[in-house]
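This briefing goes through selected local features of one protein chain, grouped by topic. Please keep the sequence and the model at hand while reading.

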Amino acid sequence: MSKEKHHRDWILRRCCGAFCACFLTLAAVVGFIVLVIYLALHPSKPSFYLQDVQLRSIDLSDPALSLNLQVTIASRNPNERVGVYYMSLDAFATYRDEPVTVAVALPAIYQGHKDASVWSPVLAGESVPVSGGAADAMRQDIAAGYVLLHVRVEGRVKWKVGSWVSGGYHLSVNCPALLATSGGAAAGGAFAFSAAAGGAVPAGVNTTVSLKFTHPADCTVDV
């Protein structure tokens, strides 16, 4: 009886070992095929461009900062065989690495081969808390006639090859937006600027300044 039980246990162990070996072999083969396809197609990360920035208002009279601007961001898929799913994208503006607007969700889209897409969100923030150093620096920049903001996009992308869709990858986009004084008020570029005491403008006094986007800018993209 013990010999039969031992024999059954031995067969069971052999079956389990064979099943595990087959499963691991299959997983390795599938992984190898996916790797070969990925390397053969070699998807390139999408390109992003900041096409326009319309600055509507800046208010520094409060210890916090209030800002309103509309931006136009374009994206292009450089791949000939790979599509891109843009998922859960959020756009916001920063100044000296500090957020100065709240994040705005961008529509999720699919971008085909060599396709381009454009988003034009309004980025705004009311009484956004910033460090005193950042607020003072922005006052000085505006008085000097320029402000360097950064438009950021954070989200996830998926690659699509035929019917196969990859897992999600983190997407990080950083676009420099240089705004400078112009000779005349450009559309959307002139606004009443309020500064707190100690700034270039006396407390409680508004002055009209004109800052316009100087030129379209390439964005850095990390995937």
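This is a predicted model: local features need pLDDT of at least 70, side-chain atom pairs count only at pLDDT 80 or more; totals for chains, interfaces and linings use all residues.

In which loop is Thr101 found? Thr101 is found in the loop between strand S4 and strand S5, the latter spanning residues 104-106.

**Thr101 and its surroundings**

- Thr101 has a relative accessible area of 6% and is therefore buried, since that value is under the 20% limit for burial.
- A polar atom of the Thr101 side chain lies 2.9 Å from the backbone nitrogen of Ala93.
- Apart from neighbours within four places in sequence, Thr101 is in contact with Leu67, Leu69, Phe92, Ala93, Leu123, Ala124 and Gly125.

**Asn68 in strand S2**

- Asn68 belongs to strand S2, which covers residues 65-76, and its relative accessibility is 18%, so Asn68 counts as buried under the 20% limit.
- When residues up to four places away in sequence are not counted, Asn68 touches Gln54, Leu55, Arg56 and Ser57, and it also touches Val122, Leu123 and Ala124.

**The nonpolar core**

- The largest nonpolar core comprises 43 residues, and those with the most contacts inside it are Phe48, Leu50, Leu69, Met138 and Leu149.
- At least two residues of this core come from each of strand S1 (47-60), S2, S3, helix H2 (132-144), strand S9 (146-161), strand S11 (169-181) and strand S13 (206-213).
- In soluble globular proteins, nonpolar side chains tend to be buried together.
- Leu50, one of the core residues with the most contacts inside it, is in contact with residues that include Val71, Thr72, Ile73, Val151, Cys175, Phe213 and Cys219, with neighbours within four places in sequence left aside.

- Most residues other than glycine have a negative phi.
- Asp97, which is not a glycine, has a positive phi near 70°, and it is found in the loop between strand S3 (83-95) and strand S4 (98-99).
- With a relative accessible area of 75%, Asp97 is exposed, because that value is over 50%.
- Lys114 also is not a glycine and has a positive phi, of about 60°; Lys114 is found in the loop between strand S6 (109-111) and strand S7 (116-119).
- Lys114 has a relative accessible area of 39% and is therefore partly exposed, as this value falls between the 20% and 50% limits.

Technical notes: Residues are numbered from 1 along each chain as its sequence is written. Side-chain values use heavy atoms; hydrogens and water are left out. Helices (H or I, at least four residues) and strands (E, at least two) are DSSP runs, numbered from the N terminus. Buried means under 20% relative accessible area, exposed over 50%, partly exposed in between (1.4 Å probe, protein chains only). Contact means heavy atoms within 4.5 Å. A nonpolar core is a set of buried Ala, Val, Leu, Ile, Met, Phe, Trp, Tyr and Cys residues joined through side-chain atoms within 4.5 Å. A polar contact is a pair of N or O atoms within 3.5 Å; within protein, one must be able to donate a hydrogen and the other to accept it, and residues adjacent in sequence count only if both atoms are side-chain atoms.
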